Amino acid sequence: MLDRENRALIAIAGTRELCLNPKMANRHGLITGATGTGKTVTLQTLAETCSAMGVPVFAADIKGDLSGLAAPGGNKESVVKRVEDYGLAAKGFSFRASPVQFWDLFGAEGSPLRARIGDMGPLLLSRLLDLNDTQTAVLTVLFKMCSDRDLELVDLKDLRKLLEYAAAHNNELSAQYGKLSTASIGAIQRGLIALEHEGADLFFGEPALNIDDLLQSEGARGVINILAADKLMRSPKLYSTFLLWLMNALFTQLPEVGDRDKPKLMFFFDEAHLLFSDAPKALVEKVEQIVRLIRSKGVGMFFISQVPSDIPDSVLGQLGNRVQHALRAYTPNDRKALKAAAASFRANPAFDTESAIAALGTGEALVSFLDAKGAPEPVERAFILPPEGQLGPLDAKEREGMFRSTLVYRHYAEAEDRTTAYEILTQKMREVLGDKERAAREKEEAKARKEEEKARALREKNEARERREAEKARLQAEKLARKEAAESRRFWGGMAKSVIAPLAKRVFGSLFRR
């Protein structure tokens, strides 16, 4: 709710109202506390109060409870009692619904929320794929190749085809980009399989999110964009990488607006420790830069985690507005975290900050917002105002009916598949394969012709040999016949001379004697 000066009334400390100064909201903030101490309710109160100021909100809904913002509250007796005890109705409090837009990376509990592979870039993608430095370098080179050749990377099939192309044309690419490790390409391909198994194939694609769709208002109230993250949290790296991508998209796409009377958008990072878990130094430095500079784009951010030490000091120093719920010191590390949390506040002489943090009840918190000059106010022990919306999740059917009826859902519902890197590289590989097949076919045909010519030559050689052998046999037969004829003549000549002639002579001689 808003106070009489239209400031965001967040908590009450005795008779004092603690308000988030709209002009200082883009100096960012931190909500911390142990599990079950009221962080989600604080987030809900802050979100709907920013909405009441006319500021659009983006928040990841880890437990599903934030969907209750879409329905009027008063469904919990404890909430009704607190409203009565603090006389909030007289201050303008009323149970009411806030304008909401539901989003879901998987498209089941909200409008599908997609991003292009190329927009995410190699640094964030390598974190998502859990790549080492060498594999990240290979991925960066492949992105450079796509940029040089005007190849759009939109979805996972584009990236798979790019890796397939790189593996098949490694020698060709090495002349321009250096040798690409085959083992690294294989590791990236395996990472894609695991990523697809987690459902990331639904996140990468088109139509991609238009940042302007997160900056909508209904009348005087900003729309609260709620990301369904209960299923998404089963893939922590996908969840955190998506938030990092969205933060970077806001930073790069929104224009400079300087100091505004109120933010252009409030961004809430629940389970913020996941943003920095196992993050490489380059990524942490990128986040620090964005946190430091994005306020000039009119974006305020709240990080939500259990203890301040979950956030790197380089980022923690940028978070001026703070709400600290209870911490329990059961171990030496817990006591150290509690002491560090207490030291981060501007002290209030009325109480000991460290002791107060350990003694806070549910819904109670230590609060310190920035004053009009940007300096932290002394910490106050206060009760967080209850939300005007419903505590707990919205009915699933009611939620589905709400998001499916919106123009935003109709725009993003159906995925698009236009000509991108996949189709272009497939065609190129097909052409190369066709050239190879044609060359192989021509080689086979040439080989067949050579074999046929060889067979014909052999056949002709054999036929010539057979002709020569036949001719030789014929000549030999003729020679033998002539020899036999000569021998026959000699035989009969001898017979005539030695036998027939004397016989005839005797016969004829005897005749003449008679």
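E152 is partly exposed in this predicted model, at 36% relative accessibility. The side chains of R418 and E152 meet at 2.7 Å, N to O. This pair links distant parts of the chain, 266 residues apart. R418 lies in the loop between α15 (407–412) and α16, whereas E152 lies in the loop between α4 and α5 (156–168). The contact belongs to one network, in which salt bridges that share partners join R116, D119, E152, E206 and R418.

Side chains of opposite charge can pair when their charged atoms come close. The count in this model comes to 21 salt bridges. One of them joins K91 to E17, with the closest N and O atoms 2.9 Å apart. This pair, too, links distant parts of the chain, 74 residues apart. K91 sits in the loop between α2 (77–85) and β5 (100–104), and E17 sits in strand β2 (residues 16–20). K91 is partly exposed at 29% relative accessibility. E17 is partly exposed at 23%.

A salt bridge within a helix is formed by K144 and D148. Their closest N and O atoms are 2.8 Å apart. Because K144 and D148 are four residues apart in helix α4 (residues 133–148), about one helical turn separates them. K144 is partly exposed at 45% relative accessibility. For D148, also partly exposed, the relative accessible area is 35%.

Charge also gathers at the surface. K479, R482, K483, R489 and R490 form a positive surface patch. K479 is placed in helix α16 (residues 421–513). With a relative accessible area of 59%, K479 is exposed.

How values were computed
Residues numbered from 1 in each chain as written. Predicted model: local features only at pLDDT ≥ 70, side-chain atom pairs only at ≥ 80, totals over all residues. Heavy atoms only, no water. Patch = residues over 30% accessible without salt bridge, like charges linked within 9 Å, V, L, I, M, F, W, Y side chains within 5 Å. Areas by Shrake-Rupley, 256 points an atom, 1.4 Å probe, with all protein chains shown as cover. Salt bridge = Lys/Arg side-chain N within 4 Å of Asp/Glu carboxyl O. Lys, Arg positive; Asp, Glu negative; His and termini not counted. Charge placed at Lys NZ, Arg CZ, Asp CG, Glu CD. Helix = DSSP H or I, 4+ residues; strand = E, 2+ residues; numbered from the N terminus. Buried < 20%, exposed > 50% of the residue type's maximum accessible area, 1.4 Å probe, protein only.
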